[in-house]
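Reader: I would like to learn how to read a structure like this. Could you take me through it feature by feature?

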Amino acid sequence: MPLTVAQAIAAALRPIIQSPTPSAQEYTDALQVLNTMLQEWALTPAGNAAVVRENFTLTASTASYTIGPGATFSTVRPLKIQRAFTRSDNIDYPIRIYYSVDDYAKQTQKNLEDRPGALYFEQGATTCTLLFYPTPDAAYDFHIWSYKGFAYNSTTTFGYNAFTSTSQSLNLGPQYEPAIIANLRLQLYEEFGKEPSPVTVQKAQDTLRALKRLHAHPVSTVKTDPFGHANAY
C-alpha cells in the first residue's frame, strides 16, 4: 500500500526527534522540505520517470499560448517540456523545443505561417507561454510530453504541483519510497540544526543513485559506418 505524505515524514523524522509522532509544526516544516526536494527531482529524467502526455488544439494565425491553471491550455503548469509534435492524418510531425530565448529571438520571420516546427517555452510562475515558430496556419492537433511534478493528477488545478496535505498518498511507486525517506531525513537533519551520521548520508546517496539507475535510459547504438556495420561510436 502506498505511503502517505504523513507516513513518509514520520519515518524520516523518527531518528531526529526520537518520537514516532511529529508535532503539527514539524509536519508543516517537513512538508515544505519534501516539496522542495521533489521539485528538484522532478526536473530531471533521472529523478522523474513520470512524463505526462496531453494534447490541445492550435489556432490558425496564433503563435502565442499560455499554459497553466486557467490559461489558454488549462492544465497544471509544466516544469519542463520533454517532447512535442503536431498530428495530421495519423502522422506525427516533431517540434523542436527552444530552451534559450536566443534561439527563438533569432528567427526573423515570425509572421510566417506554416506547420510549426519549433516552440519556445517561456517560463512563468503559475502559467507559462508557448511561442510557436512558424505561426500555425491551421488548427493543428498539438501533443506535448512534460514533467508535471510528483503531486500531479488530472484534476489538480494548483500551479506548483506540490503536496498540500499530509493525508495525501505519495502514489509514486515502491521504487521511490526508500529514496524519499532517506533523502528527506538527510535534509531534515540540517533543518533541525543537527549533524547526520555518515550512515545516514551514505543511505541517502545509495538510495538516490539506485533510483537514478532505475530510470536511466540505455544508450542507443549509433550507426555511422556507411556500409551499415552495427558498431557504436
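Author: We can start with a single residue. The model is predicted, and in it Q187 lies in helix α4, which covers residues 177-191.

Reader: How many helices and strands does the chain have?

Author: There are 5 helices and 11 strands. Of the 233 residues in the chain, 42% are buried. Taking contacts between residues at least 6 apart in sequence, 65% join residues at least 24 apart.

Reader: How do I read the packing of two helices? At what angle do α1 and α2 pack?

Author: Look at the angle between the axes and the distance separating them. Helix α1 (residues 5-17) and helix α2 (residues 24-42) pack at about 105°, with axes 10 Å apart. An angle of 65 to 115 degrees counts as roughly perpendicular, so α1 is roughly perpendicular to α2.

Reader: Which residues make that contact?

Author: From α1 they are V5, A6, I9, A10, L13 and I17, and from α2 they are E26, Y27, A30, L31 and L34. By type, the contact of α1 with α2 has 10 nonpolar residues, no polar ones and 1 charged.

Reader: What should I look for in the loop between α1 and α2?

Author: Look at the backbone angle phi. Q18 is found in that loop, and has a positive phi of about 55° although it is not a glycine. Q18 is exposed, at 67% relative accessibility.

Reader: Where is N90, and what is its phi?

Author: N90 is in the loop between β4 (80-88) and β5 (91-94). N90 is not a glycine, yet its phi is positive, about 65°. With a relative accessible area of 74%, N90 is exposed.

Reader: Which two residues does a cis peptide bond join?

Author: The angle to read is omega. The cis bond joins Y133 and P134, with omega at about -10°. P134 lies in the loop between β9 and β10 (135-136).

Reader: How many aromatic pairs are there?

Author: A pair is read from the distance between ring centres and the angle between planes. The count is 7 aromatic pairs. One of them is Y65 with F132, edge-to-face, at 5.5 Å centre to centre and 90° between the planes. Y65 is in strand β2 (residues 64-68) and F132 in strand β9 (residues 128-133), so this pair ties together parts 67 residues apart in sequence. Y65 is buried at 2% relative accessibility, and F132 is buried at 1%.

Reader: How are the rings of F73 and F142 arranged?

Author: Their centres are 6.2 Å apart and their planes at 25°, so the pair is stacked. F73 belongs to strand β3 (residues 73-74) and F142 to strand β11 (residues 141-147), so parts 69 residues apart in sequence are tied together. F73 counts as buried at 3% relative accessibility, and F142 is buried at 0%. F56, Y65, F73, F132 and F142 form one aromatic cluster.

Reader: Which charged residue sits over the ring of Y93?

Author: The charged end of R115 sits there, 3.8 Å from the ring centre. K80 lies over the face of Y99, at 5.8 Å from the ring centre.

Definitions and conventions: Residues numbered from 1 in each chain as written. Predicted model: local features only at pLDDT ≥ 70, side-chain atom pairs only at ≥ 80, totals over all residues. Heavy atoms only, no water. Phe/Tyr/Trp six-rings, centres within 6.5 Å; stacked < 30°, edge-to-face > 60°. Helix = DSSP H or I, 4+ residues; strand = E, 2+ residues; numbered from the N terminus. Buried < 20%, exposed > 50% of the residue type's maximum accessible area, 1.4 Å probe, protein only. Lys NZ or Arg CZ within 6 Å of the ring centre and 35° of its normal. Axes fitted to C-alpha atoms, helices over the stretch in contact; angles between N-to-C directions. Parallel < 35°, antiparallel > 145°, perpendicular 65-115°, else oblique. Contact = heavy atoms within 4.5 Å. Nonpolar A, V, L, I, M, F, W, Y, C, P; charged D, E, K, R; others polar.
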